[in-house]
Amino acid sequence: MTTIHADPLLDPLFTSDAAADAFSPAARLQGMLEFEAALARAEAAVGVIPSRAVPAIEAACKADLYDLAALGAEAALAGNTAIPLVRHLTAAVKAADEEASRYVHWGATSQDAMDSGLMLQLRRFLDGLDADLAALADGLADLAERHRTTPMVARTWLQHALPTTFGLKAAGWLDALGRDRQRIAAARTRLALQFGGAAGTLAALGDAGPAVAEALAKELDLPLPALPWHASRDRIAELASALGILAGTLGTLGRDISLMMQMEVAEAFEPSAPGRGGSSTMPHKRNPVSCAVLLSTAIRAPALVGGLLAAQVQEHERGLGGWHAEWQALPDLCRLVAGAARHARETIAGLTIDAERMRANLDLTRGLILAEAVTMALGDRMGRMAAHSRVAEASRRAAADARPLRDVLAEDGEVVQALGADGLDRLFDPLRYTGSASHFIDRVLAEHKNTQGRQS
């Protein structure tokens, strides 16, 4: 199937084909039509409408039978897309079976069709998103394992702090992504059937309302909620919030990699391919294209999430304006986040790591990055404050004279006596000062393995 993007110039960069398909105009329409077909089957099964009416209704519930532009023009007057759709659906059924047309949309309301159709779209979207996130998680787990002992600079406030490992950095990304997936999975369990009729009571169906609702939920394979939720939009807000947090996680990934791609750092690079990341005028450039998408999504998503949170406040049994505010904001958010997830997956799968440059960058401060290690070891001999003062003074002299900190400390007889020459050498090995990095990596990888096992 060829994906049709709303904006063929920009959408291929900022979304995924799966998300574009899930939220295409045709998919929105088909979601409502699937509700109408399932409603007819459910009501026939319960005995509310005659079974002979179902085939004609089902046959007319195909999106390609309808003119999207005409429906949109009519929706501009009606206030939502379900009203003109039901009118055109009824006419299509009537052309084939006049008797069956009497039972189209029986006992339902516009919001039932639109919200339940949206649930079907979201389910399809979330399947595609989770596939990308699972692949991304596997890629991060692989990086964490392969680079568990690859030393690099840990940076705080963008400055050299202490040694760490690239494996631990990858594990940090993976750990956050695992929580994002848990939040999205939890929100997904609460995406339920919407079926309440005109005012949420199913009064038009009499005593058969609960039975029809149960049968309809089974037909659509959607959870049956305790009651209709026309004006209770926490389900939408919860999913939007989880997607917004995911956007932030992916943005952090993009920020880190883009900083590591700077030529002055040159520790990691996005995948290289013909036409990827080039400049219109500078042939030498290798721009962080995917990182730009991750960061732009992290910038744009909060406003969309904020709008959806604001839309939670709705009036009485059917909201005025709040419900309408969801119709474009939620698909826009989903498309953006799906695009970021795709870029993140592709980037991590093809990420180039320069371990030699990572090691070289550790030496840029001529050993100052290991000043804490020396302080802690020396503190056992002379007390923490005295050791801190001694190493701080040596660090100032090393920086002023552009000399290695180890050489300056070696001129201090008291330091050499306390630590020994060999001990001093060991303290300036970065891999000896990565603390519990390997232990933390093991814990994250174990959780990832358990998660993948539960979902397989």
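**Reading cores, a helix and a hairpin**

Student: Leaving aside its neighbours within four places in sequence, which residues is F195 in contact with?

Tutor: A contact here means heavy atoms within 4.5 Å. In this predicted model, F195 touches F35, L39, G107, A108, D112, L202, L205, V212, A213, L216 and P228.

Student: Which residues have the most contacts inside the largest nonpolar core?

Tutor: F195 is one of them, along with L122 and F125, in a core of 110 residues. Helix α7, residues 110–146, supplies the largest share of this core, with 16 residues. Apart from this core lies another, of 22 residues, among them L362, I369, A371 and A398.

Student: I see A371 there. Which residues are buried in α14?

Tutor: To judge that, look for under 20% relative accessible area. In α14, A371 is buried, and so are A373, V374, T375, A377, L378 and G379. These buried residues pack against α15 (384–401), α16 (405–410), α17 (413–419) and α18 (421–427).

Student: How do I read the length of α14, and what follows the helix?

Tutor: Compare the span with what is expected at 1.5 Å a residue. From first C-alpha to last, the twelve residues of α14 (371–382) reach 16 Å, close to the expected 16 Å. Next comes G383, with a positive phi near 90°.

Student: Now the strands, please! How many bridges join β1 to β2?

Tutor: Six bridges link β1 (residues 151–156) with β2 (residues 159–165), and the two strands run antiparallel. As an example, V153 has P163 in β2 as its bridge partner. The hairpin has two residues between its strands, and W157 takes a positive phi near 55°.

Methods
Residues numbered from 1 in each chain as written. Predicted model: local features only at pLDDT ≥ 70, side-chain atom pairs only at ≥ 80, totals over all residues. Heavy atoms only, no water. Helix = DSSP H or I, 4+ residues; strand = E, 2+ residues; numbered from the N terminus. Expected span 1.5 Å × (residues − 1). Buried < 20%, exposed > 50% of the residue type's maximum accessible area, 1.4 Å probe, protein only. Core = buried A, V, L, I, M, F, W, Y, C linked by side-chain atoms within 4.5 Å. Pairing = 2+ DSSP bridges.
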